[in-house]
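Let's take a walk through this structure, one piece at a time. Have a look at it before reading on.

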Amino acid sequence: MYPLFFRLVFRRMDPERAHHLAFRWIRLAVRIPGLRDVVGAVLAPRYEALRTDALGLRMSGPFGLAAGFDKNAVAIDGMAMLGFDHVEIGTVTGEAQPGNPKRRLFRLLPDRALINRMGFNNDGSAVVAARLAARREIVRTTVGVNIGKTKAVTESGAVADYVTSTERLAAHADYLVVNVSSPNTPGLRDLQATSALRPLLTAVREAADRTVTDRRVPLLVKIAPDLADEDVDAVADLALELGLDGIIATNTTIAREGLGLRSAPDLVRQTGGLSGAPLKERSLEVLRRLYARVGDRLVLVGVGGIEDAEDAWQRILAGATLVQGYSAFIYRGPFWMRAMHRGLAARLAAGPYPTLADAVGADTWKATV
Ligand SMILES: Cc1cc2nc3c(=O)[nH]c(=O)nc-3n(C[C@H](O)[C@H](O)[C@H](O)COP(=O)(O)O)c2cc1C
């Protein structure tokens, strides 16, 4: 049904307008008790076997909504109602900003991909913090808060900007993510160099500990698929050295070559980050590399090109404790999470692993026994 609806309605609309329309429906549906229960029961049946303990948090499953969909924390309950086991809001920046001029989101239909250059359009850390503080949870879920740099802030002010966001948002975050990997804020990805990343992560950790004293807020870093392999290793080593809790791999790619893209050249040439199916291979590769380096010492979150339960399962076997998706949700619609959970539960039941946690990284361990 959704593919037909997508073809007839969403596909004819500007992608950003379609996003806002779908968003409005989701936010409306979750506020209507009877409807919410029916939608939840149909789209998000829970599987006991998929229950996931990660980052000191108990989650209903391993599968979450990647950052960028709910930048301003306005639809957490709606997305949980649709079946996401965790919702990562943001990227939120220190100050509010409009993002890049429109059009800034493009569908590459033949490639099941998107290109975006949104540029962190968001309400800013003060407004989002107030919204999170006022939120009355309707559907139980885990909320990650992803923070990034305000565009107008210079490189020398970057740490202070992230610290401001941390001070305002950490108390409302089940986990916190330092995003240094979006391609649409000039200079942001330079923060992935360990010389810049070390002081940044140290300052964010300190700010989180200073602000939230009754628990330790888990801290993760989100990296780009375009990092050279040695740089992936360097971030992994740094994350261990600084006592981070996890790494999210990966953000969108600026690469276009060698991905077998079939969409029209004028679309492929659009500036921005490419997500969806063409990202699958590299994201998996980065995840494998990270797991080989850090093993179970960090929680790895696999994201990038996950389209179905088999993709998610492969990420888990490669070392991901949690998995996330964004682009495939646009193409597959509201039944996607149901299929994902059902498929994961079936794979777990059919395999030799007593629990999902036992399957994490099993590829590597099989290779070494
Ligand atoms: C329109 C759009 C906006 C995004 N915005 C953000 C963002 O604000 N922060 C972030 O960390 N990632 C952002 N992402 C990246 C996703 O979180 C994810 O890492 C990436 O899309 C790969 O996953 P996918 O192939 O399942 O889409 C965005 C992706 C898309 C498509």
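UniProt positions are given here in the numbering used for this chain, with feature names shortened, and annotations may be inferred rather than shown by experiment. With that in mind, the unreviewed UniProt entry places the annotation "domain: Dihydroorotate dehydrogenase catalytic" on residues 50-348. What you see is a predicted model, where local features need pLDDT of at least 70, side-chain atom pairs count only at pLDDT 80 or more, and totals for chains, interfaces and linings use all residues. Residues are numbered from 1 along each chain as its sequence is written.

Over residues 50-348 the chain is 36% helix and 20% strand; helices (H or I, at least four residues) and strands (E, at least two) are DSSP runs, numbered from the N terminus. The end C-alpha atoms of this stretch are 8 Å apart.

Now find helix H6, residues 158-169. H6 is mostly covered, with 10 of its 12 residues buried (20 or more other C-beta atoms within 10 Å of the residue's own, C-beta atoms being placed from the backbone; 12 or fewer is exposed, in between is partly exposed). Among the buried ones are Tyr162 and Leu169.

Next, the ligand: 28 residues lie around the ligand, counted when their C-beta atom, placed from the backbone, is within 6 Å. Ala66, Gly68, Ser275, Tyr326 and Ser327 come nearest. Strand E4, strand E6, strand E11 and helix H12 each give two or more residues to this shell.

Notes: The expected span of a helix is 1.5 Å times one less than its number of residues.
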